[in-house]
Amino acid sequence: MSIISWIVLGLLAGVIAKVLLPGRDPGGLIGTTLIGVVGAFLGGWLSAKFLDRPISQDFYDGATWLSAIGGSLVLLIGYRILFGNSRERR
């Protein structure tokens with residue numbers, strides 16, 4: 001996949017992860033895209049390492065999307081564990 005494809009995949013995976021885990025997280029378009037792209041790499045690594053299922057380079061592969069969304073969810077959960085409700089209004 002090209003760089004543009006990874007960015008689009010990351011943006012969509014980040015948005016889906018934020019919909020599945022609503023709350024006040026680092027946000028905006030850039031934050032969501034970064035969470036999604038890093039989550040896609042993390043999900044692909046976790047899938048290859050622990051599930052013996054390497055992710056293909058095909059943009060339309062379901063396993064690629066599931067690993068990207070799963071990795072994004074892991075990042076959001078990790079963020080919430082580390083920083084809690086630090087963005088909560090006071």
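**Exercise 1. State which helix holds Trp 45, and decide whether this residue is buried, partly exposed or exposed.**

Solution. Trp 45 has its place in helix H2 of what is a predicted model. The next step is to take its relative accessibility, which is 48%, and to set this value against the limits, where buried means under 20% and exposed means over 50%. Trp 45 therefore counts as partly exposed.

**Exercise 2. Carry out the analysis for Phe 41: where is its place, and is it buried, partly exposed or exposed?**

Solution. Phe 41 lies in helix H2, which covers residues 28-50. Its relative accessible area is 49%, so Phe 41 is classed as partly exposed. Along the chain, Phe 41 and Gly 10 are 31 residues apart, and their C-alpha atoms are separated by 9.3 Å.

**Exercise 3. Identify the residues of the largest nonpolar core and the elements that give two or more residues to it.**

Solution. The largest nonpolar core consists of seven residues, namely Trp 6, Leu 9, Ala 13, Ala 40, Trp 65, Ala 68 and Ile 69. Two or more residues of this core come from each of helix H1 (3-20) and helix H3 (62-83). Ala 68 can then be followed individually: leaving aside residues up to four places away in sequence, Ala 68 touches Leu 9, Ala 13, Gly 39 and Ala 40.

**Exercise 4. Determine how H1 and H3 are oriented relative to one another, and which residues make the contact.**

Solution. Two packed helices are described by the angle between their axes and by the distance between the axes. For H1 and H3, the axes come within 8 Å and cross at roughly 55 degrees. An angle under 35 degrees would count as roughly parallel, and 65 to 115 degrees as roughly perpendicular, so H1 is oblique to H3. H1 passes H3 in a right-handed crossing. On the H1 side the contact includes Leu 9, Leu 12, Ala 13 and Lys 18, and on the H3 side it includes Trp 65, Ala 68, Ser 72 and Leu 76. Sorted by class, the contact has 11 nonpolar, three polar and one charged residues.

Methods. Residues numbered from 1 in each chain as written. Predicted model: local features only at pLDDT ≥ 70, side-chain atom pairs only at ≥ 80, totals over all residues. Heavy atoms only, no water. Core = buried A, V, L, I, M, F, W, Y, C linked by side-chain atoms within 4.5 Å. Buried < 20%, exposed > 50% of the residue type's maximum accessible area, 1.4 Å probe, protein only. Helix = DSSP H or I, 4+ residues; strand = E, 2+ residues; numbered from the N terminus. Contact = heavy atoms within 4.5 Å. Axes fitted to C-alpha atoms, helices over the stretch in contact; angles between N-to-C directions. Parallel < 35°, antiparallel > 145°, perpendicular 65-115°, else oblique. Left-handed = near helix turned anticlockwise from the far one by under 90°. Nonpolar A, V, L, I, M, F, W, Y, C, P; charged D, E, K, R; others polar.
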